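Morning, everyone. Please put the sequence and the model up on your screens. I'll keep this short.

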Amino acid sequence: MGLALSVILYVTLGVFIIGTLRRIARYASTPAPLKIPTTPAPTTRSGVVMRLGREVVLFESLFKASKWTWLFGWLFHAGLFFVLLAHLRYFTEPVWWWVALLSQFSPYFGMMMLIGLAGLLARRFLVDRVRYISAPSDYLMLVFLMVIAGSGLAMRYWLHADIVQVKEFALGLLAFDFGILSFNPILVLHLLLVAFLLLIFPFSKLLHAPGLFFSPSRNQVDNPREKRHIAAWAKSANTNSTEKSRG
Ligand code: HEM
Ligand code: HEM
């Protein structure tokens, strides 16, 4: 059990890291030929950093667009963020004090995830405009994250996993030392779905997490009059044509 799950987690983690880095490299090298920040936009670099910060932490533009989507979307993401931080308890020894503190509340964070995901799923069924553009993968992604959160909570309240063994297993993963894991169907489901999440991340809409930082409408400074915007490839094309006309 432990060996099989370790191998699956290593392989899927490898796909996640390499796949996501390759995507990021592609985003970073894709030219943005036009100046298209959504206005009103910041006029300085530090303003852009603040804007992106507000997008990531508060989902500012989603708040302006739709209050219900914002509420459920934010609940889910904030819950996920704190659940992941609290999961550090399995991977650290001794456990940092703030992780121990967060762990006390982790079932509530898990419930925040579930409520958020349920709201986002209801939106896909109930709002005509959204249902029209929803593909099966949009529904599946939400259901699948609900099963991850649901299986986590099921272990907390119902079919308890041997937490000491899970921790040894998790620490073993970090040390390339395969641990033993006794069979608990919910834990196996939880871990297999986590592996699946890692596997699909670089090929799915989950890429919006790194993608946000490369969005020209959010990361550009509103200074087209002060500074002419020329994409990197256009710069070299410009130089070439100037050289040609000189020659
Ligand atoms: C930097 C981190 C992240 C930010 C800022 C972010 C932000 C957002 C925003 C603004 C939406 C839009 C909702 C909409 O307009 O419909 C969204 C949707 C979504 N996010 Fe994230 N996200 C992040 C990371 C993640 C991660 C790590 C996951 C899961 C592993 C995730 C899962 C989802 C899902 C499933 C949706 C679709 C919800 C729907 O069906 O409407 N996000 N995210
Ligand atoms: C290898 C990585 C992971 C391991 C070993 C693991 C293990 C566990 C275990 C043993 C529990 C039960 C906690 C208890 O009984 O007190 C749990 C709960 C939970 N897990 Fe995971 N998990 C992993 C990754 C994830 C990921 C990536 C997510 C989210 C996408 C997640 C979401 C949850 C949630 C929402 C809960 C319930 C709340 C809580 O107790 O923290 N887990 N996990």
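**Where the helices meet**

Start at Leu 198. Leaving aside residues up to four places away in sequence, Leu 198 touches Thr 12, Leu 13, Val 15 and Phe 16. Touching, or contact, means that two C-beta atoms, placed from the backbone, lie within 7 Å. Leu 198 sits in helix α11. Helices here are DSSP runs of H or I with at least four residues, strands are runs of E with at least two, and both are numbered from the N terminus. The C-alpha atoms of Leu 198 and Thr 12 are separated by 5.7 Å, though the two residues are 186 apart along the chain.

A word on what you are looking at. This is a predicted model, in which local features need pLDDT of at least 70, side-chain atom pairs count only at pLDDT 80 or more, and totals for chains, interfaces and linings use all residues. Residues are numbered from 1 along each chain as its sequence is written, while chains are lettered from A and ligands numbered from 1 in the order in which they are written.

Is Leu 198 buried or exposed? Leu 198 is buried, because it has 21 C-beta neighbours inside 10 Å. The cut-offs: buried takes 20 or more other C-beta atoms within 10 Å of the residue's own, exposed is 12 or fewer, and partly exposed is in between, with C-beta atoms placed from the backbone.

Next, α11 and its partner α9. Their axes come within 9 Å and cross at roughly 145 degrees. Axes are lines fitted to C-alpha atoms, for helices over the stretch in contact, and angles run from 0 to 180 degrees between N-to-C directions. The crossing of α9 past α11 is left-handed. Left-handed means the near helix is turned anticlockwise from the far one by less than a right angle; clockwise would be right-handed. On the α9 side, the contact includes Phe 144, Ile 148 and Met 155; on the α11 side, it includes Ile 186, His 190 and Leu 197. By class, that contact has 11 nonpolar, three polar and no charged residues. Nonpolar covers Ala, Val, Leu, Ile, Met, Phe, Trp, Tyr, Cys and Pro; charged covers Asp, Glu, Lys and Arg; the others, Gly among them, count as polar.

Now the pair α4 and α7. They pack at about 145 degrees, with axes 7 Å apart. This crossing is left-handed too. Among the residues that meet are Trp 68, Phe 76 and Phe 82 in α4, and Phe 109, Met 113 and Leu 120 in α7. The contact divides into 15 nonpolar, seven polar and one charged.

**The cores**

Which residues touch the most other members of the largest nonpolar core? Of its 14 residues, they are Phe 76, Phe 109, Met 113, Leu 117, Leu 120, Leu 145 and Ala 149. A nonpolar core is a set of buried Ala, Val, Leu, Ile, Met, Phe, Trp, Tyr and Cys residues joined through C-beta atoms within 7 Å. At least two residues come from each of α4, α7 and α9. A second, separate core has six residues, including Leu 5 and Phe 169.

Look at Ala 149, in α9. Ala 149 is buried, because 24 other C-beta atoms lie within 10 Å. Not counting residues up to four places away in sequence, Ala 149 touches Gly 110, Met 113, Leu 114 and Leu 117.

**Two ligands**

Ligand 2 has 23 residues around it, and Ala 149 is one of the closest. Near means a C-beta atom, placed from the backbone, within 6 Å of the molecule. Helix α9 gives the largest share of this shell, six residues. The shell has 16 nonpolar, six polar and one charged.

Ligand 1 has 15 residues around it, with Val 56, Gly 73, Leu 120, Met 141 and Ala 209 nearest. Again α9 gives the largest share, here four residues.

Most residues other than glycine have a negative phi, and most peptide bonds are trans. Now the exceptions. A cis peptide bond joins Thr 39 and Pro 40, with omega about -5 degrees. Another joins Glu 93 and Pro 94, with omega about 0 degrees. Phe 59 is not a glycine, yet its phi is positive, about 55 degrees. Phe 176 also has a positive phi, near 55 degrees. Phe 176 is exposed, because it has 8 C-beta neighbours inside 10 Å.
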